[in-house]
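Q: I am new to this structure and would like a guided look at it. Could you take me through the main features?

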Amino acid sequence: MPTGYRNYLSLKHEHKTIPYGGIGEVREDGDANYGFKDIKGNNKLLDTIPELKRDPALMTLIRAINAPQTGIFSVGCVSDSHEDKHHFRHSGYIEFSFNSVAHIADAGHYFPLFFNFEQLLNDKDFVARVEFNWSIQPVTFIDKGVWGYTCTIFLNTYFSDTKLAAKEIWEETLDVLNQYLSTIPNDHPDYIFDLDK
């Protein structure tokens with residue numbers, strides 16, 4: 001059966017550092033940067049992230065990623081809606097990292113996540129019209145003295161005829177990511193960010 005989605009993997013060579021600052025200044029792409037927050041295992045901080053207040057589906061996904069039982073944590077996220085000639089779509093991204101000093105040192109550890117997600121989409125007969133671009137990028141967690149890689153999943157829904165249809169596709173997209181990313185096990189105890197806060 002033909003799929004409505006496109007799921008692909010890329011590598012970004014530009015190095016970044018975490019934490020990164022931000023006080024809500026607007027970037028060239030129109031999004032605002034509020035800086036990095038360590039929210040692993042700490043739901044109280046979710047309400048301090050402006051990007052999540054306007055998107056309940058994104059809030060649910062970020063909460064699931066940062067639950068104590070997962071082996072990953074969120075680095076950043078954003079979502080936005082777009083209109084062009086009475087057609088509507090959503091876009092955004094979620095960036096995450098394994099919560100393991102040793103595990104993030106090898107970019108290859110992200111490939112099984114990508115591959116198994118593709119299998120999940122196929123098994124579920126997922127047909128929402130959306131692009132998933134998994135992008136692996138080198139990073140340094142400055143405060144922790146740790147070097148490795150994070151993964152950002154850029155999300156772009158295709159245009160729909162109504163705002164409601166675009167919103168439903170966006171929510172379906174975040175829901176399937178939630179189902180998958182929330183099951184990544186906490187198998188590596190050499191934490192970058194401690195769960196005891």
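A: The answers below go from the whole chain to single residues.

Q: What kind of model is this, and how are residues numbered?
A: This is a predicted model, in which local features need pLDDT of at least 70, side-chain atom pairs count only at pLDDT 80 or more, and totals for chains, interfaces and linings use all residues. Residues are numbered from 1 along each chain as its sequence is written, and side-chain values use heavy atoms, with hydrogens and water left out.

Q: How many helices and strands are there?
A: The chain has four helices and eight strands. Helices (H or I, at least four residues) and strands (E, at least two) are DSSP runs, numbered from the N terminus. Along the sequence the pattern reads β-β-β-β-α-α-β-β-α-β-β-α.

Q: How much of the chain is buried?
A: Of the 197 residues, 47% are buried. Buried means under 20% relative accessible area, exposed over 50%, and partly exposed in between, with a 1.4 Å probe and protein chains only.

Q: And what share of the contacts comes from residues 24 or more positions apart?
A: Such pairs account for 67% of the contacts with a separation of 6 or more. A contact means heavy atoms within 4.5 Å.

Q: Next topic: is helix H2 mostly covered or mostly uncovered?
A: Helix H2, residues 56-65, is mostly covered, with seven of its ten residues buried. These are Ala 57, Leu 58, Met 59, Leu 61, Ile 62, Ala 64 and Ile 65.

Q: What covers them?
A: The cover includes helix H1 (50-53), strand E5 (72-84), strand E6 (87-98) and helix H4 (163-181).

Q: What is found at the start of H2?
A: There, a side-chain oxygen of Asp 55 comes to within 3.2 Å of the backbone nitrogen of Ala 57.

Q: You mentioned E5 and E6. In which sense do they pair?
A: E5 and E6 pair in the antiparallel sense over twelve bridges; two strands pair if DSSP finds at least two bridges between them. Ser 81 stands opposite His 90 in E6.

Q: Is Ser 97 buried or exposed?
A: Ser 97, which lies in strand E6, is buried, with a relative accessible area of 0%. Not counting residues up to four places away in sequence, the residues it touches include Gly 71, Phe 73, Tyr 110, Phe 141 and Ile 192.

Q: How do H3 and H4 cross?
A: The axes of H3 (residues 111-123) and H4 come within 11 Å and cross at roughly 125°. Axes are lines fitted to C-alpha atoms, for helices over the stretch in contact, and angles run from 0 to 180 degrees between N-to-C directions. The contact is made by Pro 112, Leu 113, Asn 116, Phe 117, Leu 120 and Leu 121 of H3 and Val 176, Leu 177 and Tyr 180 of H4.

Q: Last topic: where is Pro 19 found?
A: Pro 19 is in the loop between strand E2 (16-18) and strand E3 (25-26). The peptide bond from Ile 18 to Pro 19 is cis, with omega near 5°.

Note on methods: Polar contact = N/O pair within 3.5 Å; in protein donor to acceptor, adjacent residues only side chain to side chain.
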